[in-house]
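Colleague: I would like to learn how to read the sheet and the helices in a model like this one. Could we go through them one at a time?

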Amino acid sequence: MLTLDKARIIVAETLKTGIAKGFKPLTVAVLDAGGALIALERSDGSSRMRPDIAIGKANGAIGLGMGSRALGKRAEEQAYFIQAMNALAKGVLVPVPGGVLVKGEGGAILGAVGVTGDTSDNDEAAAIAGIEAAGFAADGG
């Protein structure tokens, strides 16, 4: 189960990874399997829209059941589909890497983590490190 304590581990380890690798200031959002926000932290120096972007990355992953890297690829191949999904999601779907599913036993989706602030690839790497540090499997798509 993705508890508040586990979400706090994910956030702390994600931010720690960003600092250790010299990433720009990160913002981390953790959502449960239903898309509700469990935890959100914005590093000093992060811009104002970063929380919305982090939530959008995680929301897209939860909403469509795939990491946001896969959503980005799908956006390139089927732009109208992703545009329609974003409309259904009321504009809270960000289809670029950095939205990573949190998976438990048997591949069950327990939630998602959205990270933003550096390159999308670095955002995704930091999210994966945080998820794995909390004892879960990560699926970036």
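Predicted model: local features only at pLDDT ≥ 70, side-chain atom pairs only at ≥ 80, totals over all residues.

Colleague: How many bridges join S3 to S4, and in which sense do they run?

Modeller: Strands of a sheet pair through backbone hydrogen bonds, either parallel or antiparallel. In this model S3 (residues 99–103) and S4 run antiparallel, joined by five bridges. Lys103 is found opposite Ile109 of S4.

Colleague: What does S1 pair with?

Modeller: S1 (residues 27–32) makes six antiparallel bridges with S4, and five bridges, again antiparallel, join S1 to S2. Leu31 shows both pairings: it stands opposite Ala112 in S4 and opposite Leu37 in S2.

Colleague: What is the strand order of the sheet?

Modeller: Reading across, the order is S2-S1-S4-S3-S5, an open sheet of five strands with antiparallel pairing. S2 (37–42) and S5 (137–139) are the edge strands, as each pairs on one side only. From one strand to the next, the twist averages 20°.

Colleague: Is S4 largely enclosed or largely open to the outside?

Modeller: Count its buried residues, meaning those under 20% relative accessible area. In S4 (residues 109–116), six of the eight residues are buried, so the rest of the structure largely encloses this strand.

Colleague: Which helix lies across S4, and at what angle?

Modeller: Helix H2 (residues 50–64) does, running at about 145° to S4; H2 also lies across S1, S2 and S3.

Colleague: Now H5. What should its length be, and what is it in the model?

Modeller: H5 covers residues 120–133, which is 14 residues; at 1.5 Å a residue they should span 20 Å, and the end C-alpha atoms are 20 Å apart, so the two agree.

Colleague: Which residues of H5 are buried, and where do they sit around the axis?

Modeller: The general idea is that an α-helix has 3.6 residues a turn, so residues three or four places apart point the same way. The buried residues of H5 are Asp123, Glu124, Ala126, Ala127, Gly130 and Ile131. Their arc around the axis is only 165°, which puts them on the same side of H5.

Colleague: What covers that buried set in H5?

Modeller: The cover includes helices H1 (4–20), H2 and H3 (68–77), together with strands S3, S4 and S5.

Colleague: What should I look at just after H5?

Modeller: Look at Gly135, which takes a positive phi of about 90° there.

Methods:
Residues numbered from 1 in each chain as written. Heavy atoms only, no water. Buried < 20%, exposed > 50% of the residue type's maximum accessible area, 1.4 Å probe, protein only. Helix = DSSP H or I, 4+ residues; strand = E, 2+ residues; numbered from the N terminus. Pairing = 2+ DSSP bridges. Axes fitted to C-alpha atoms, helices over the stretch in contact; angles between N-to-C directions. Contact = heavy atoms within 4.5 Å. Expected span 1.5 Å × (residues − 1). Arc of directions from axis to C-beta.
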